[in-house]
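Hello,

Here is the structure I promised to pass on. My notes on it follow below.

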Amino acid sequence: MRMYDIILKKRKGIELTKEEIEYFVNGYTNGEIPDYQASALLMAIFFNKMSKEETKNLTMAMVNSGDKIDLSSIKGIKVDKHSTGGVGDKTSICLTPLVASLGVPVAKMSGRGLGHTGGTIDKLESFKGFSVELTEEEFIKNSNEVGVCIVGQSANLVPADKKLYALRDVTATVENVSLIASSIMSKKIASGADAIVLDVKVGEGAFMKTPEAAKELAREMVDIGNSLGRKTIAVISDMDQPLGYAVGNALEVKEAIELLKGNGPKDLLELTLTLGSNMLVCANKVSSFEEGKALLEENIKNGKGLAKLKEFVMAQGGDASYIDDLDKFPKAKHIVEVRALKDGVISKIHAEQVGIIAMKIGAGRETKESNIDLAVGIVFNKKRGDKVKKGDVLAYIHSNDENNIEEAKNELLNNIIISDSLEKETPLIYDIVK
């Protein structure tokens, strides 16, 4: 088998066999196939696309390129949740203990944030002492005993994806549905879950900018998961404005805790209940979405979700007293008000730009080597559709560097659009793909 022939075949738009895809993935991961040949194949795939069968085979070839996590010793149906990334997306922090409080185990590997989106792992480290580096034995033990465990990704989990993604990033071949879907699903399959619920974000602050593009990606990932024996459901949710009010690590954790105390923002609550109900359906805990939603709401009211969060934090070495005393979380030295310059209605909050502003003041990473400041970020006081008067507080900037506040304030004012009226309502949940 020659790489030249595989490139030529795909350039002609002919479907690749399972063996040809495996030859490419293994050879490139091992360093036997050079970047220039891998780039040529990626470009041929970009233009000629991949069939469902090719996409499935690419996913499994990447899964088999490294470690696979065996979760068979965890009792029950293990359900994983994955978000394609968004601004202010702290859902995992309140969702996973809430689902676990109903007896459904959530054994999850999460990444750190890069760019304008924050990572769950970074957020959880806002708890003093919280460890995301557990042995496989500790991971299994916590998942069985507590019902929820979240750790950093294994270094050797899907190494093919790491290499291929880095190459796609510099060869303008990122935006291909088969390549995106196989990249995401290979990590979920290798992580060992029995069922997967996907939160596919759509809008300005998301990777997929239109509902049509988001639905195409959701359909592709659901088909991959189901074809590989993992029950998979995708929820398509809005990311045209930040989720909730808080953007920034410790600030987002506090908002997730407030949700479990019954005081969470409406959009975060709706998304948590939607994802959680589908996780319960996937785990065969309930027979309908409505039944799952009622159970989740009950465990917020009776405090069982909050109790499970405390248990989860303690089991991973974190100080759970932070949950009862939110003032213990890291706090910024400066909290500055951003006030409206005119009367009107907030018609748009540019989510991606908000994420970039938060990153610039230290809440995110520009490069993998960047340090995150867990205390800093932005907390909104108003959201899309809210009426405002000139002088009303739109948001608060939390910063530890007074030199960056004025610039952040001006940029934020440029990205919170106040109009005479709201042209149209945007749904939080666009669709559910099964």
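Predicted model: local features only at pLDDT ≥ 70, side-chain atom pairs only at ≥ 80, totals over all residues.

Residues are numbered from 1 along each chain as its sequence is written, and side-chain values use heavy atoms, leaving out hydrogens and water.

Overall picture

The protein has 17 helices and 13 strands (DSSP runs numbered from the N terminus, with helices being H or I of at least four residues and strands E of at least two). Its radius of gyration is 22 Å, close to the 22 Å that the globule rule gives for 434 residues, so the protein is as compact as a globular protein of that length (the radius is taken over C-alpha atoms, and the rule is 2.2 Å times the number of residues to the power 0.38). Along the principal axes, the C-alpha atoms fill a box of roughly 70 × 45 × 40 Å. Of the 434 residues, 57% are buried.

Salt bridges

The count comes to 27 salt bridges (a side-chain nitrogen of Lys or Arg within 4 Å of a carboxyl oxygen of Asp or Glu). One of them joins Lys52 to Glu220, at 3.4 Å from N to O. Lys52 is in helix H4 (residues 52-63) and Glu220 in helix H10 (residues 211-227), 168 residues apart. Glu220 is buried, at 10% relative accessible area.

Lys348 and Glu204 also form a salt bridge, at 3.8 Å from N to O. Lys348 is in strand E8 (residues 344-349) and Glu204 in the loop between strand E4 (195-202) and H10, so this pair ties together parts 144 residues apart in sequence.

In the salt bridge between Asp324 and Lys310, the closest N and O atoms are 3.0 Å apart. Asp324 lies in helix H15 (residues 321-324) and Lys310 in helix H14 (residues 304-315), so they tie together parts that are 14 residues apart in sequence. Asp324 is exposed, at 54%, and Lys310 is partly exposed, at 23%. Salt bridges that share partners also join Lys52, Arg219, Glu220 and Asp223 into one network.

Best wishes

Notes: Buried < 20%, exposed > 50% of the residue type's maximum accessible area, 1.4 Å probe, protein only.
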